[in-house]
Amino acid sequence: MTRRHNLPRRSLPGGATIKPLPVHTTHPFRWSLCEIEQLVRTRRLSPTEVLQQALSSIESKEPDIQAWAFLDPDAALRVAARLTDELVRSGPRSPLHGVPVAIKDIFDTRAMPTEWGSPTQRGRQPSADCELVQQLTSLGCVVLGKTHTAAFAFFDPAPTRNPHDLAHTPGGSSSGSAAAVAAGMAPLAVGSQTQGSVLRPASFCGITGFKPGHGLLPLNGVMPFAPTLDHAGLFADGVRDLQLAWSSLGFAASDETAEKVRAMDWPPGGTAETVMERTLESSLQALEAAGVRVRRIERPRFFDALPPALRTVMAFEAVREHGQRYLRHGPAIGSRLASLLEEGSRISNSEYEQALGELASARVSYEAWMDPHAVIATPAATGPAPAGLESTGDPSCNAPFTALGAPAISTRMDVPEGQLPMGLQLAVGRGRDALLLATARRFSTILAPGREARASPVLK
């Protein structure tokens with residue numbers, strides 16, 4: 001249930017005074033994550049002011065976009081007021097002090113329901129925050145609310161619409177998280193990915209989505225779907241914003257960037273739309289013109305084993321996690337999920353073990369083949385967001401890197417006039433997350449310079 005409140009301006013506790021700042025006209029949110037960090041640290045902006053801007057944007061945009069499964073603005077304002085008082089008394093806890101964050105509704109939250117996008121879980125109220133939410137709140141983030149997810153984080157779509165065109169899907173399953181950032185309702189959001197549920201929505205919504213290496217962001221207290229494949233991920237407007245969030249969570253930062261790019265026919269077992277292929281080629285040519293070494297290669301054969309192996313593992317493990325719920329609720333859990341569970345119930349233990357072995361073998365081959373100083377560049381989706389809300393799109397461009405557990409990111413490309421957003425997907429070997437972020441930031445300054453300029457603190 002979504003709570004709606006009037007959102008009045010509040011006086012700041014602790015006697016703090018905040019100088020009003022000009023509104024950016026290039027993005028619906030007033031400040032980027034990096035600007036928030038600078039302005040809060042220098043006490044030119046309070047957590048209360050940041051939150052009020054987010055709530056104002058939500059109030060005006062949410063009726064159309066429907067990104068949120070649950071909101072409690074009054075509770076968020078109380079948290080922001082405490083953080084504002086703390087800022088005045090002792091300074092910021094971290095670079096994320098006062099940052100509003102949107103949480104996908106499969107991540108447990110003690111003060112908010114977590115209903116997994118399904119009417120079968122209506123009223124589910126966790127007793128504790130999941131580990132990632134605990135980390136974010138300890139850093140001073142303000143949890144704005146819970147964002148819509150496809151049912152059980154699979155393919156039965158949420159009501160969320162694409163902020164760039166309401167007649168198109170925002171992608172899934174992290175639909176609300178991506179749409180909330182794209183619409184300027186939150187500068188940071190949390191999502192999850194078992195096939196393409198972070199990178200595809202980021203591509204469709206024209207923002208940056210980051211899926212770190214498998215297991216780096218904690219999944220304790222998060223609804224499992226297929227644990228071998230499940231990842232947590234992050235959304236923000238620009239790459240530098242994600243670098244700030246990543247380092248704030250305690251991960252190493254780096255200025256090292258990849259020296260070369262490998263581009264190849266993509267995705268395995270499928271095709272990209274012509275408009276995506278042309279936009280990708282234009283982006284690669286722009287990188288080459290900027291001095292980046294781009295090498296077009298034949299796709300190694302081990303990639304082709306990944307889609308069927310992933311499907312087998314996902315279906316088998318989904319039955320293990322949600323089969324009893326299907327027996328209890330039937331198709332009410334979602335028709336697409338029900339179909340997957342029927343499929344998974346026919347997979348034998350030996351077939352599952354064989355698929356696990358194929359994934360393990362492909363991971364070894366990938367790490368041996370992957371140049372530690374290179375990134376792979378592919379489409380982040382097969383095309384722009386499809387029309388209609390009946391489908392969340394095709395995850396085939398992202399699923400191989402999920403199966404490999406490899407870090408991957410989607411950043412916006414320069415698209416033809418009148419075209420919906422499309423993302424460039426970059427991937428690296430495991431353990432090279434900082435290299436990936438630094439490289440994506442460099443490439444974004446070439447392909448989407450306005451975004452990264454906005455992510456840089458420019459106010460004196």
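Reader: Why does Thr274 count as partly exposed?

Author: This is a predicted model, and in it Thr274 has a relative accessibility of 45%. You will find Thr274 in helix α8.

Reader: How far is Thr274 from Leu435, in sequence and in space?

Author: In sequence, 161 residues separate Thr274 and Leu435, and from C-alpha to C-alpha they are 30 Å apart.

Reader: What makes α8 roughly perpendicular to α13?

Author: The crossing angle decides that. The axes of α8 (residues 274–289) and α13 (residues 433–447) cross at roughly 100 degrees and come within 10 Å. Roughly perpendicular covers 65 to 115 degrees, and therefore the label applies to α8 and α13.

Reader: Which residues of α8 and α13 meet, and how do they divide by class?

Author: On the α8 side they are Ser283, Ala286 and Leu287, and on the α13 side Phe443, Ile446 and Leu447. By class, this contact of α8 with α13 has five nonpolar residues, one polar and no charged ones.

Reader: What does each helix bring to the contact of α9 with α10?

Author: From α9 come Arg311, Met314, Ala315, Phe316, Ala318, Val319, His322 and Tyr326, and they meet Ala338, Leu340, Leu341, Glu342, Glu343, Gly344 and Ser345 of α10. Sorted by class, the residues of this contact are nine nonpolar, three polar and three charged.

Reader: How do you know that α7 is largely enclosed by the rest of the structure?

Author: By counting its buried residues. Helix α7 (residues 239–248) has ten residues and eight of them are buried, so it is largely enclosed. The buried ones are Val239, Asp241, Leu242, Gln243, Leu244, Ala245, Trp246 and Ser248. Gly250 follows α7 and has a positive phi, near 100 degrees.

Reader: What sets Trp116 apart in its backbone, and is it buried or exposed?

Author: Its phi is near 60 degrees, a positive value in a residue other than glycine. Most residues other than glycine have a negative phi. Trp116 sits in the loop between β2 (100–104) and α4. Its relative accessibility is 5%, and the cut-off for buried is under 20%, so Trp116 counts as buried.

Reader: Why is Phe152 called buried, and what is its phi?

Author: Phe152 has a relative accessible area of 0%, so it is buried. Its phi is positive, about 55 degrees, although Phe152 is not a glycine. Phe152 is in the loop between β3 and α5.

Reader: Where are cis peptide bonds found, and what are their omega values?

Author: One joins Gly172 and Ser173, with omega about 5 degrees. Another joins Trp266 and Pro267, with omega about 10 degrees. Ser173 is in the loop between β3 and α5 (175–182), while Pro267 lies in the loop between β7 (260–264) and α8. Most peptide bonds are trans.

Reader: How many cavities are there of 30 Å³ or more, and what lines the largest cavity?

Author: The count comes to six cavities. The largest cavity holds about 80 Å³ of space. Its lining consists of Ala153, Phe154, Phe155, Gly172, Ser173, Thr194, Gln195, Gly196, Ser197, Arg200, Phe225 and Met314. Five of these lining residues are nonpolar, six polar and one charged.

Reader: What makes up the lining of the largest pocket?

Author: The largest pocket has a volume of about 450 Å³, and 19 residues line it, with Val79, Arg82, Ala111, Thr137 and Val143 nearest its centre. The elements giving two or more residues are α3 (73–90), α4 (131–138) and β3 (142–147). Of these, α3 gives the most, with seven residues. By class, the pocket lining has ten nonpolar, two polar and seven charged residues.

Key
Residues are numbered from 1 along each chain as its sequence is written. This is a predicted model: local features need pLDDT of at least 70, side-chain atom pairs count only at pLDDT 80 or more; totals for chains, interfaces and linings use all residues. Side-chain values use heavy atoms; hydrogens and water are left out. Axes are lines fitted to C-alpha atoms, for helices over the stretch in contact, and angles run from 0 to 180 degrees between N-to-C directions. Helices (H or I, at least four residues) and strands (E, at least two) are DSSP runs, numbered from the N terminus. Angles under 35 degrees count as roughly parallel, over 145 as roughly antiparallel, 65 to 115 as roughly perpendicular and the rest as oblique. Contact means heavy atoms within 4.5 Å. Ala, Val, Leu, Ile, Met, Phe, Trp, Tyr, Cys and Pro count as nonpolar, Asp, Glu, Lys and Arg as charged, and the others, Gly among them, as polar. Buried means under 20% relative accessible area, exposed over 50%, partly exposed in between (1.4 Å probe, protein chains only). On a 1 Å grid over the protein atoms alone, a cavity is a set of points where a 1.4 Å probe fits but cannot get out, and a pocket is an open set with protein on both sides within 12 Å along at least five of seven lines; lining residues have an atom within 4 Å of a point. Grid points are joined across faces, edges and corners, and a volume is the space filled by probe spheres set on the points.
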